[in-house]
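Have the 3D view open as you read.

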Amino acid sequence: MSNRNTTFVKTEGEQIPVVADCDVVVVGAGPAGHAAAISASRNGASVTLLERYHHLGGMASGGMVLVLDDMVNEGNEVVTTGIVSEFVERMEKQDAAVYPPSEDCQTNSEMWQKWSRWGCIDFHKAMMPQPIIHAVAFDPDGWKRVSLDMVREAKINLRTHSWFSDVLREGGKITGVISQTKLGRQAVRAKYIVDGTGDLDVGVAAGADYIDGQFIVTTVFRMANVDTEKAIDFQFSQPEEYKKLDREARRRIGGAWGMWWLKTPIPGVVWCNCPHMPGYDGLSVESMVESECEGRDRMMRLYNFAKKNIPGFENAAMLGAAEQMGIRQTRMLQGEYVVTKDDVKSRRHFETSVCRGRDYYTPYGALLPKAIDNLIVAGRHYSVESDAQKMSREIPPCQAQGEAAGIAVALALNSDQALRDVDYKAIQKQMRAQGADPGDEPSANALCENNIAAE
């Protein structure tokens, strides 16, 4: 981590206008925070949703992470559902989502050639061809539209252009949050707070325990005017020549997943989830400026090479980089329960599971900070070890965390109790009522012996 401290100054006291009084304030309208706000509102809470950008969706839209994965267990059992599924259905109606029908989820060369460039593959498997699974390629603006539609339908008090600044305290209790806006600092008072910031901004300000972590960052970008069918035909008809050019393309970008370009719902537009750049601090202004510059230099090297050398890319145009840098890991809560790498790898089932990802389960305690009664966390900054977070931070599981968190605050509100005292079985029951899988019923491959009742 870089040194973030320089010199310090003191400021005078200030009067901060209160712009909202509500039951629940959700900070961060990314996939987790948005799902939490929708879930809390649908369960009867009055909700204010704060977001620093002009759009909703976080890494799914502004960050352009354009494939929803980590939703299936072994055998293509779809286990991450609920608001995630609703999002997919809504985007599909707007021609903004593409995914394989169940009959195409096979392991053979025909389906690989048809679906692999959509990213609908089991990338955990080293075999070739990899299995085709339920995953969803989507358009980022489609995500923004659906997010906004759902917020307005739920009658949520939306406040974009509002950057989290601090928490409000009265007598040692957290009573809301302060955001920075063009009109100065503004306060939102609330009974319960959901931290959906991705970086644990609210939790840190409230005094929650946490650890720092670091992983690769990415400057995601897109290209237009690509003849994707020509490029795919070249890949499969001239595999040796393709491999040679692909190796050189990957060398120029300096870090990428197995496929550096994927198709999107917009014909001729491809998504490049690269370059991958280690060693940058996602909380440091200086580090992020440097990574932004390096990422753009790398993407232009790849773009120029592909345009000159790879069939299908002859007429490609640079469509541009994502509005948000792709940050995978910064601060992580160390809460009532800390999910370990072994928990994830062994598929350990928890009696208190309230949501789940590919084949891992998230206990309720992993969303709760210690000693703070009215704050809950949802997103990649949940209570987890660094190595475990690298395997459990994808967008759909974060949405599921948000959905569970929204239910939890609504239940706490109805019974006027601390979040840690909410009955996890009541959360599980309501998750199922909303079409989500809370993980209360373990899949066949789960580790159930010596079950941990994490609270």
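**Holes, a histidine and a sheet**

Count the cavities of 30 Å³ or more and you get two. Keep in mind that this is a predicted model.

Start with the largest cavity, which has a volume of about 70 Å³. Its lining is made up of Arg 117, Ala 231, Phe 234, Tyr 242, Leu 245, Asp 246, Trp 260, Trp 261 and Ile 310. Sorted by class, that's seven nonpolar residues, two charged ones and no polar ones. Helix 6 (228-237) and helix 7 (239-253) each supply at least two residues of this lining, and helix 7 gives the most, with three.

Now move to the second largest cavity, with about 30 Å³ of space. Here the lining residues are Thr 219, Val 220, Glu 292, Ala 322, Gln 324 and Met 325. Three of them are nonpolar, two polar and one charged.

Is His 55 buried or exposed? His 55 counts as buried because its relative accessible area is 4%, under the 20% cut-off. Leaving aside neighbours within four places in sequence, His 55 is in contact with Ser 61, Gly 62, Lys 144, Glu 323 and Gln 324. You'll find His 55 in the loop between strand 2 (47-50) and strand 3.

Strand 3 takes us to the sheet. This is an open sheet of three strands in the order 3-7-6, paired antiparallel. Strand 3 (67-68) and strand 6 (97-98) are the edge strands, each pairing on one side only. Two bridges join strand 6 to strand 7 (residues 136-138), and Ala 97 stands opposite Phe 138 in strand 7.

Note on methods:
Residues are numbered from 1 along each chain as its sequence is written. This is a predicted model: local features need pLDDT of at least 70, side-chain atom pairs count only at pLDDT 80 or more; totals for chains, interfaces and linings use all residues. Side-chain values use heavy atoms; hydrogens and water are left out. Two strands pair if DSSP finds at least two bridges between them. Helices (H or I, at least four residues) and strands (E, at least two) are DSSP runs, numbered from the N terminus. Buried means under 20% relative accessible area, exposed over 50%, partly exposed in between (1.4 Å probe, protein chains only). Contact means heavy atoms within 4.5 Å. On a 1 Å grid over the protein atoms alone, a cavity is a set of points where a 1.4 Å probe fits but cannot get out, and a pocket is an open set with protein on both sides within 12 Å along at least five of seven lines; lining residues have an atom within 4 Å of a point. Grid points are joined across faces, edges and corners, and a volume is the space filled by probe spheres set on the points. Ala, Val, Leu, Ile, Met, Phe, Trp, Tyr, Cys and Pro count as nonpolar, Asp, Glu, Lys and Arg as charged, and the others, Gly among them, as polar.
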